Each structure stands twice: as structure tokens, then as C-alpha cells.
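Please keep the sequence and the structure at hand while reading.

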Amino acid sequence: MADKTSSGSSGAPTQDNSKKVGLIGLVGIVISAMIGGGIYNLPQNMAQDASAGAIIIAWIVTGVGIWFIANTFRILSAARPELTNGLYAYAEKGFGKLIGFFVAYGYWICNCFALVAYSVLIMATLNYFIPDFAGGNNIPSIIGGSIITWIMYFLALRGAKQTSFLNIIGTIGKLVPVIIFILAVATIFKFSVFMEGFWGMKDGVALTLDWSNVMPQVQSTMLVTLWLFLGIEGAVVVSGRAKSQAAVRKATMIGFLVTLGLYVIVSLLPLGVDTQEAVGKMADPSMAAIMLQSFGSWGEIMVNAGVIISVLSSWLVWMLMLGEMPFAASKSGIFPTAFEKENKKGAPSISLLWTTIVIQVVLIASYFIGSNAWTTMISITSVMALPCYLFCTLFLFKIALKKDSYPKGIFASRTSAIVTGVIGSAYGLWLIYAAGLNYLMVACIVYAIGIPLYIVGVKQHNAKAQLFNKRDKIIVAVVIALGIAGVVYSVMSFGHF
């Protein structure tokens, strides 16, 4: 398919409105980006280290924190509507090209890891129907995942508008098994079982409410809950291809509320059917194990089929989103010029190609991780996403702090914007603390590797441009030092992730 280089200074391609995505399509993108395969293993993921009471607290913390992040995107889409393609544009405008690059690059790479996690999950699920894909990252699984990756690449080349209908159908297809699961499990839910060991168990004795016991349980869920909400920025990322910024704001909030409600119900209902210990030890996907145990093989088949539909739908959405980030970053002068190219459908073809290549490389590397490939991939994804969200909340706080830089007449007051920026930033810092050293070190390595890409990108756009100012040199030195420390730490702790 022939390529053409688009023009325009805003970072968004010049397109007629008929090629842009409306509210329903944007809601489908947001929900589909968030609800992937993770919801089908949510009962086990949450119950593995957290009791019912701790899970409720975790959802309150997560719900409040993610709401402020979602509200950050809503406010920024109104306060700075010219900054399409969201995350990196906000970081660049607020903190300079280098920080903008790290956000664009980090978001791009971390979600390539996410798609490899999707591959591991879908191939492990296919193992239920075709017993050759054990673990999801053996050689047959790598081959199968590679085939799906390249199919998604060719579908994404059709563009966001052309694939939005597929996204809507996929969203419906993934929600039906989840709703059936909720209705079925609700019929056998027992409050007495739910309250047993409500704050956890130790040596067969139920614990009482004690923050020294509960908070470690809550902290253990943080990377899981962050992983589940990756994609809340979906409408913002493709906002350059949306029919209006108002639709972006509505889609973000609708997607957040629907998804949060489903996550809370799915994670808590099984604890009224079986004990925390039993649910925490269930095989992936744990929703299928619960359905098999309580309703027979039809329930297990339905859930496994739902996983496949859900992951495939989300995979396509993420391919579209990931293609947008390097494309827009290149138009801003911080990625190599080749990433600016579009095909006749308006899809960022070179950006999509390199996204697919990165996914393929990480997919092959996942073979060497072993049995915990799924956990490793979602943890690296979550940790690398943290700076991307943090700089957006900090940018909102920065523009709201000065009266002359915050617009009047939008739906959110300046005070509301300041509160949103502060609480959203605090939540982001809490997540970094909760992430743990292992995955933070891996993230440092990946960020350090990206620095040459920035150098090439800046020089290709302007050979005489200054690469780093005084502040940037300090940042680069810190990132490289942390990357080297990450290599040393990862070698020393290899096998203990």
C-alpha cells in the first residue's frame, strides 16, 4: 500500500470528518482498551494476596485515583483542545521535548509489552481447545502469537474509522460472557462465605481489621489494578481522529464508570462462592475455573471463548493506539521522520510497522522468561506507564496553578483542576512506591535504551537543533545511571522476579 506523508502543525493528520470517530466508537475504544483478558483472571489475581476487605479498600483507592487520572484527561481535553494525541503532547508542552519523548517512547514500548501479555494469555487459553500451547509462551505459542500480531498489523492499516465498527462488535462480544458470569455467580453467592476471613486468614485464624495486615494486602493489588485500567486514555490518544473533544471527554468518563463497576463485581462475587485461598490458587483464567466448578463445562467453554474474543478485540484497539503515538511524536520532531508516513486510509503505516516489529522481538524474548511470562509482562507494562500518567497530572497542576494559563468558561473550574492534578499526581507517586524494585529496574533499562532514538529523531528534523539543555543533560545522566543500575540489579536478581 502506497505511503504518503501528511501535513499539519497540530500533530493530528488533516482528515475530513467522515473519516473520524464518533462517541460510540470512542466509548468502544476506551472500554475495549481497558477490558482485555485481565478481567477473566481478575478473581485469582486479586484473591492471591488480598482478602475481601482488602480488595474493597483497594478498589476504593484505585477508583478514586483512576477517577482523578480520568478527570485529568477530561479537563485537559477542554483546557488544551489543540493538544491532540494526549499523553506525550501534554508532557512535551509542560516539561519540554525530552520529557515528551520519554512519555511517548515509554507509552509506546510499555504497551508493546502489554500486547505480548495478550499473546501469552490468548495462546494459554487456546491450550484449552488445542493442547499444544501450554503456558502461552512455548514455541508453538510464539508462532501462533506472531501470526496474530501480523494479522492485527494488516487490520490496523485500514485506519481507526474503518476498524471502529469491529471495535464495537468486539466490545459487545467481550461483555456478554462477563455479564453472564456475574448473573450466574450472583445466584449462588453466600454472604456467610463472603464474610469468612473478611480481613484475611493466618494459620487458619480469621484476622481482624489491622492496618499492618491490611495495607500490605492492598499494596499487593496495585499493579494488577493499574494494569486493568491501562487504556483509560484511549479516547485521548486517538483524539486527533475524533469528531469532537466533547466526545473524547464523554467517552473517557463513560468507559471508566462501566469498567470500574464490572471490575469490582467480578473480583468480589467469587469470594461469596469459595474461600480466598481457593480462589487465589485457581488456574488461569480463574473465571473459567469458577464456572466449571459451579455450573459445569458449558461455563468453562463460554469463558475461554470470551477470553479469545476479548483479547483479539483489545489487541486491535491497542494496535491502533500504539500506531498513533510514534506518528504524532515524529510530527512534533522527537521521533525519526519515517514515523510520519500515512497510507491512503490515513493509518500511520511506518509507525504500525515498527510497533509490530517491537512486539515480535519482545514476543520471542518471552520464551526465555519461563512460567511467569504473563505476570512479568503486565508488571513491566504497569511500571513503565506510571511516568506517562504522572506527567499528565503534573501538567494539569502546572497550568491550573497560574490564572493566566488556565482558560475560563470550560466545564471544570481552576480549583477543581488544581485538586485533580494534586490528587492524581499523589496517586501516581503511590503507585511507583507500590510497584516494587524489580520491575522499576527493568523499566529504567528500557527507558535508557530509548535515548538514541530521541537523538536520531531530533537531528533528522533539524540537524542544527540543540539536543540537550542543562536540565536535559542532568535528566539523561540520571536515566542512563538508573539504566546501568537496572542491568546490574536484574543480572543479580535474575530468576527472582
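Is aspartate 472 buried or exposed? Aspartate 472 is buried, because its relative accessible area is 7%. The model is a predicted one, and the values below are computed from it.

## Salt bridges

Three salt bridges are found in a search of the whole structure. Aspartate 472 takes part in one of them, with arginine 471 as its partner; the closest N and O atoms are 3.9 Å apart. A salt bridge requires such atoms to lie within 4 Å. Arginine 471 is partly exposed, with 42% relative accessible area, while aspartate 472 is buried.

Glutamate 92 and lysine 97 also meet through their side chains, at 3.2 Å from N to O. Here glutamate 92 is buried at 17% relative accessible area, and lysine 97 is partly exposed at 38%. Another bridge joins glutamate 277 to lysine 281, with an N to O distance of 3.1 Å. Both residues of this pair, glutamate 277 and lysine 281, are exposed. In general, side chains of opposite charge can pair when their charged atoms come close.

## Helix H5

Helix H5 covers residues 97-129, which makes 33 residues. From its first C-alpha to its last it reaches 48 Å, close to the 48 Å expected at 1.5 Å a residue. Of the 33 residues of H5, 27 are buried, so the helix is largely enclosed by the rest of the structure.

## Helix H6 and the nonpolar patch

Helix H6 runs over residues 139-156. Its 18 residues should span 26 Å at 1.5 Å a residue, and the end C-alpha atoms are 26 Å apart, which agrees. The buried residues of H6 include Ser141, Ile142, Gly144, Gly145, Ile148 and Met152. The buried residues of H6 pack against H5, helix H15 (297-331) and H16.

Isoleucine 364 is partly exposed, its relative accessible area being 45%.

## Cysteines

How many disulfides does the count come to? The count is zero. A disulfide is a covalent bond between the sulfur atoms of two cysteines. For cysteine 388, the closest cysteine sulfur is that of cysteine 110, at 5.5 Å, which is too far for a bond. The cut-off for a disulfide is 2.5 Å between sulfur atoms.

Cysteine 388 has 0% relative accessibility and therefore counts as buried. Cysteine 444 is in no disulfide either; its nearest cysteine sulfur, in cysteine 388, is 13 Å away. Cysteine 444 is buried, with a relative accessible area of 15%.

## Isoleucine 484

Isoleucine 484 has its place in helix H21, which covers residues 470-492. With a relative accessible area of 53%, isoleucine 484 is exposed. The C-alpha atom of isoleucine 484 is 8.3 Å from that of alanine 448, and these two residues are 36 residues apart along the chain.

Methods:
Residues are numbered from 1 along each chain as its sequence is written. This is a predicted model: local features need pLDDT of at least 70, side-chain atom pairs count only at pLDDT 80 or more; totals for chains, interfaces and linings use all residues. Side-chain values use heavy atoms; hydrogens and water are left out. Helices (H or I, at least four residues) and strands (E, at least two) are DSSP runs, numbered from the N terminus. The expected span of a helix is 1.5 Å times one less than its number of residues. Buried means under 20% relative accessible area, exposed over 50%, partly exposed in between (1.4 Å probe, protein chains only). Contact means heavy atoms within 4.5 Å.
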